[in-house]
Amino acid sequence: MHVVFKQYNQQQAFLLPPSLDELVKVDHPVRVVNEVMDKVDIDPLLKKFKGGGTSSYHPKMLLKVLVYAYITNTYSSRKIEEALQSNIHFMWLSGMSQPDHNTINRFRSDRLKDSLRYIFTQVVVLLAEQGVLSLREAYVDGTKIEANANRYTFVWGNAIKTSKEKMKQQLDELWKYAQQVAKEEMDDKDPGGFDKIDPQQVEQTIATINEALKDKDVPAKVKQKLNYAKKNWPSKLAQYEQQERIIGEDRSSYSKTDPDATFMRMKEDHMKNGQLKPGYNLQLSTNQQYITHYSLHQSSTDTGTLQKHLEHYLQQYNQHLQTVIADAGYGSEENYQYLEEKGLTSYVKYNYFDREQQGAKPKGVLSTDQLYYNQQQDCYYCPMGQRMDRIRDRKRTTRTGFVQTLARYQARNCSNCPMRGACHKAEGNKIMEVNQNMQRLRENSRHNLLSEAGIHYRKQRCVDVEPVFANIKHNHFFKRFMLRGLDKVQIETGLLAIAHNLRKKAA
Ligand code: SF4
């Protein structure tokens with residue numbers, strides 16, 4: 001049969017040159033990026049440009065290009081540069097401007113620093129005005145994303161503490177040795193202990209010991225140790241102090257290649273060896289699978305992040321938020337208390353809510369949930385009918401600084417009780433502690449979670465916030481940040497969030 005080929009002529013001349021606009025489909029996502037970004041106020045971003053010197057690429061164009069790059073999984077500045085020269089959608093968006101990767105990187109890392117959050121907020125408010133999402137309900141969850149840092153350059157807070165303790169102990173031993181050998185010379189030189197040491201004090205102490213032992217017959221081993229200490233300990237101590245400052249209060253480690261990153265256990269453990277990796281804890285609020293708020297944290301647990309996350313949400317959207325839905329990772333007394341004080345309706349599970357719903361009984365003979373409580377007399381009755389009186393309260397401060405009150409109740413007489421072996425092992429009458437505030441908050445939470453609205457929100461949580469993480473990480477392959485440092489990682493997260501929202505809007 002005769003084969004007919006379509007005409008192929010690369011030298012075909014155009015009577016009128018084609019416009020790029022004709023080549024971009026009317027419903028292509030790049031048009032959504034263009035349309036939404038044109039509505040966004042970029043005044044704070046414009047103020048970043050000082051003027052003078054050579055002309056600059058327009059920030060709106062660079063912003064559109066970056067957002068579209070994140071929509072199309074193009075995270076590397078070199079790949080974006082390449083796309084601007086070869087991809088018709090990038091070329092249309094940039095109006096044929098072709099900034100190089102350095103310009104793109106500088107814009108992403110520095111210029112967007114203080115204005116991207118404002119731009120993100122405008123995009124979310126715009127979407128809320130169009131009715132595709134609500135700012136009244138927030139589904140909150142977190143995930144860990146690996147930092148752009150070497151996995152083997154860790155600094156651990158505990159290792160520093162151990163090294164400092166060892167140094168203190170050795171210094172103390174040297175001091176005591178000098179006191180024995182050169183009693184007279186050391187008589188009036190009391191350092192007052194080595195509980196708190198600093199580089200100057202260590203230097204001074206070693207100099208004093210050396211001076212006292214100068215004319216004494218000292219074993220070579222001690223001399224060697226003193227020489228080593230003189231040469232290394234003050235600088236080592238200064239280094240430890242600096243490292244402790246970087247670690248701060250809320251975390252236990254950092255990476256030398258990105259000091260803002262903390263070593264955390266990641267869900268994606270390809271090696272399956274439980275190895276900790278440097279990363280950031282990303283917290284998201286979503287609604288209808290749109291990201292309405294993001295925050296990055298350096299601590300690996302979700303519990304301590306909720307207040308900071310919501311505080312910023314409330315500021316950002318001027319108190320629109322009414323309802324918070326989160327999983328059991330956030331069900332602490334501190335969080336429940338905060339949600340109550342802010343007047344937010346919450347649907348947040350406590351850690352054994354699911355087990356409780358499956359009918360599992362709390363362990364132990366004396367679970368406070370199972371004991372009879374007489375509110376008027378403020379006393380409990382144990383299974384043997386013994387009255388337990390409130391004897392005193394105890395305060396306990398959590399790692400985050402929250403003060404809990406634990407009420408202590410003591411049974412009147414446990415002697416000869418047949419249940420004693422199973423009930424308690426301590427001598428005397430049984431004493432138990434009850435966190436009554438947590439009991440009250442947990443009861444309120446249980447009531448909310450089991451209500452009709454609670455059942456709806458619990459079902460919706462699994463299909464609202466969780467798919468957003470899956471989409472970003474697995475469908476769009478964002479498993480590791482490109483930039484280093486908290487400020488820059490914030491920018492990347494903002495771009496990811498805008499890209500996610502516009503991709504969803506365009507779908
Ligand atoms: S040991 Fe004391 S508190 Fe425990 S069941 Fe017996 S009487 Fe009650």
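Modeller: Happy to; here is that core, followed by its setting in the chain. This is a predicted model, in which local features need pLDDT of at least 70, side-chain atom pairs count only at pLDDT 80 or more, and totals for chains, interfaces and linings use all residues. Residues are numbered from 1 along each chain as its sequence is written.

A nonpolar core here is a set of buried Ala, Val, Leu, Ile, Met, Phe, Trp, Tyr and Cys residues joined through C-beta atoms within 7 Å; buried means that 20 or more other C-beta atoms, placed from the backbone, lie within 10 Å of a residue's own. The largest core has 74 residues, and Val33, Val65, Val67, Tyr68 and Tyr70 touch the most other members. Helix α4 (residues 59-71) supplies the largest share, nine residues; helices are DSSP runs of H or I, at least four residues, numbered from the N terminus. At least three residues come from each of domain 1 (20-114) and domain 3 (262-356 + 445-488), with bounds from an automatic or database domain assignment.

Beyond its neighbours within four places in sequence, Val33 is in contact with Lys64, Val67, Tyr68, Ile71, Leu93 and Leu502, contact being C-beta atoms, placed from the backbone, within 7 Å.

A second, separate core has 11 residues, among them Leu171, Ile197, Ile206 and Leu213. As for the setting, buried residues make up 29% of the 507 residues in the chain, and the C-alpha trace spans about 105 × 75 × 55 Å along its principal axes.

Conventions: A residue is buried if 20 or more other C-beta atoms lie within 10 Å of its own, exposed if 12 or fewer, and partly exposed in between; C-beta atoms are placed from the backbone. Helices (H or I, at least four residues) and strands (E, at least two) are DSSP runs, numbered from the N terminus. Two residues are in contact if their C-beta atoms, placed from the backbone, lie within 7 Å.
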